[in-house]
Amino acid sequence: MFVRTSYWYFKNAVDNFFINTLNEAVKKQKTIRGKIDGKKIDSKKRESDVKFISEQWIYDALLPYIRTANQSAKWNYDFDYCEAAQYTIYKKGQHYGWHTDMADDPYDSEDISFKGKVRKLSCTLLLNDTKEYKGGSFEFDLRNTRDKENIVKVKELENKGDLIVFPSHLWHRVKPVTSGKRLSLVVWFIGPPFK
């Protein structure tokens, strides 16, 4: 699938109050190791700690940005639900290799909110400034051939509160953190399969 605009960004999308409230809220959540496809642990591909949180105020704050990006980038994807937000912690040496957020098949779930749907839009919200850690850059591989990489570093994710939105089928990674700790919130917006 080809998209003309690979990602949309918003500088200072949320304020310190939002981030401080989020940090307090996730203290109650259990920390688990990040998994691949929600099932397996493979530290060569992914090493991070995550917490999941479902609070309406988070979605209320982010949804206007998702809608604006979807329209402004001319993706115009049909989505109607979002998954639990993933609070992600990358410490020294942790990373997430090349991956997409979209699974091969639609969700097979008894939950009507998920059944038969696919991830369409992903967003990443940076929760701390890049001066608080080294490494951990977010990159896309936007190749449209099998032979040549087209790696783009997302320079707009540099300050606490910066947000990017992108189609969930795009290949992306978080490079290893070399010092400090990188904090982010990831949310996936889902809808009926593409036609």
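This report covers aromatic ring pairs and charges over rings in a predicted model.

## Basis

Residues are numbered from 1 along each chain as its sequence is written, and side-chain values use heavy atoms, without hydrogens and water. In this predicted model, local features need pLDDT of at least 70 and side-chain atom pairs count only at pLDDT 80 or more, while totals for chains, interfaces and linings use all residues.

## Aromatic pairs

Rings of Phe, Tyr and Trp (its six-membered ring) pair if their centres lie within 6.5 Å; planes under 30 degrees apart are stacked, over 60 edge-to-face, and the rest tilted. The count is eleven aromatic pairs.

One of them joins Tyr7 and Phe140. This pair is stacked, at 5.4 Å centre to centre with 20 degrees between the planes. Tyr7 lies in the segment before strand 1 (8-10), and Phe140 in strand 10 (residues 138-141), 133 residues apart. Strands here are DSSP runs (E, at least two residues), numbered from the N terminus.

## Around Phe140

Phe140 also pairs with Phe166, edge-to-face, at 5.0 Å and 75 degrees. Phe166 sits in strand 12 (residues 163-167), 26 residues from Phe140. Ring pairs link Tyr7, Phe138, Phe140 and Phe166 into a cluster.

Buried means under 20% relative accessible area (1.4 Å probe, protein chains only). Tyr7 is buried at 14%. Phe140 is buried at 0%. Phe166 is buried too.

## Charges over rings

A charge sits over a ring if NZ of Lys or CZ of Arg is within 6 Å of the ring centre and within 35 degrees of the ring normal. The charged end of Arg119 sits over Trp188, 3.8 Å from the ring centre. Lys120 lies over the face of Phe194, at 4.7 Å from the ring centre.

Technical notes. Helices (H or I, at least four residues) and strands (E, at least two) are DSSP runs, numbered from the N terminus. Buried means under 20% relative accessible area, exposed over 50%, partly exposed in between (1.4 Å probe, protein chains only).
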